[in-house]
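Please consult the sequence and the structure shown below.

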Amino acid sequence: MTKPVGKLIVIGGAVNKGSFAETDYDQNIEKNLNFFERGILRKIINESKNKENSIIEVVTTASQIPQIVGTEYKKAFEFLGAKNVNILDIHNREEANSDAMVARANAADVVMFTGGDQLRLTSILGGTRFHDTILLKYQEQDFIYSGTSAGAAAASENMIYQGSSSEALLKGEIKTTQGLGLIDNVIIDTHFVQRGRIGRLFQAVVNNPRTLGIGLGEDTGLFIHNDVMTAVGSGLVILVDGRFIKDTNLTNINLGEPISIDNLTVHVMSMNDHYDLITKTLTIENSQFNPIPQDK
């Protein structure tokens, strides 16, 4: 498969974009701008084809409160200088197959999928003309797919759509299905650190060790381009690599029984660290083992 021309930005949820519903927003502008100045929405604009003039479509299909969610993101992008931000709420498959929605997808430089229920994304958009258009643009054009929470979880070929955090390492507790298919051989979980979802990712990976598990903390994301993932935002990204698993009891236990795993590899990324999806290697940006430059 050829390397995609487009860029992927996936976010762990609860993006600290500042709430524009706050009456004292301007009075607390310094605090509220802390995220903007080094954050993920700014990264989306900077990486987009036409920067502040890029056409951004905020897709709210996953949300049960699309107008509220869409308006917040529209205001946040516009506060950062974006001039062409639209809200795109596709309610059903008929709309997703319409000429109007395909035209908007074709015109967009960025699609930003909000949080909510990732199963709504795949069941409403999967296999439609809108979905096909986004996949083609991502493969062939300077185009950004960005998703937060549900929008991030749905980006991969396979996605987690159900499973409790507390019982995640009991066989059968994790439910997966096909995602939107922008990236292969990974599975993404969101709200990861705050909701204690490490066990969900362990089970997803032991089920198929070829798959790289990606756990995105809140207000944290990955910028993926040219087979390299770069951490952005304020929190942590957890990577779970199952290629070196030595042993497990997975096929010898009943549903609901605890899973044992020997030799699972875990990496932790923070802002500006890089992970190469081809060589499977992590580069820590601020490594304590990097040579210290000598004064001349």
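Phenylalanine 113 is buried, with a relative accessible area of 1%; buried denotes under 20% relative accessible area, exposed over 50% and partly exposed in between, for a 1.4 Å probe and protein chains only. The model is predicted, with local features needing pLDDT of at least 70 and side-chain atom pairs counting only at pLDDT 80 or more, whereas totals for chains, interfaces and linings use all residues. Residues are numbered from 1 along each chain as its sequence is written, and side-chain values use heavy atoms, leaving out hydrogens and water.

**Aromatic rings and charge**

- One aromatic pair is counted, where rings of Phe, Tyr and Trp (its six-membered ring) pair if their centres lie within 6.5 Å, and planes under 30 degrees apart count as stacked, over 60 as edge-to-face and the rest as tilted.
- The rings of phenylalanine 113 and tyrosine 145 are stacked, because their centres are 4.8 Å apart and their planes at 20°.
- The pair links distant parts of the chain, strand S4 (residues 110-113) and strand S5 (residues 144-148), its members being 32 residues apart; strands are DSSP runs of E with at least two residues, helices runs of H or I with at least four, numbered from the N terminus.
- Tyrosine 145 is also buried, at 0% relative accessibility.
- The charged end of lysine 43 sits over the ring of phenylalanine 223, 4.5 Å from its centre (NZ of Lys or CZ of Arg within 6 Å of the ring centre and within 35 degrees of the ring normal).

**Serine 63**

- Serine 63 lies in the loop between strand S2 (55-59) and helix H3 (66-79) and is buried at 8% relative accessible area.
- Beyond its neighbours within four places in sequence, serine 63 contacts Val69, Thr114, Gly115, Gly116 and Arg120 (heavy atoms within 4.5 Å).
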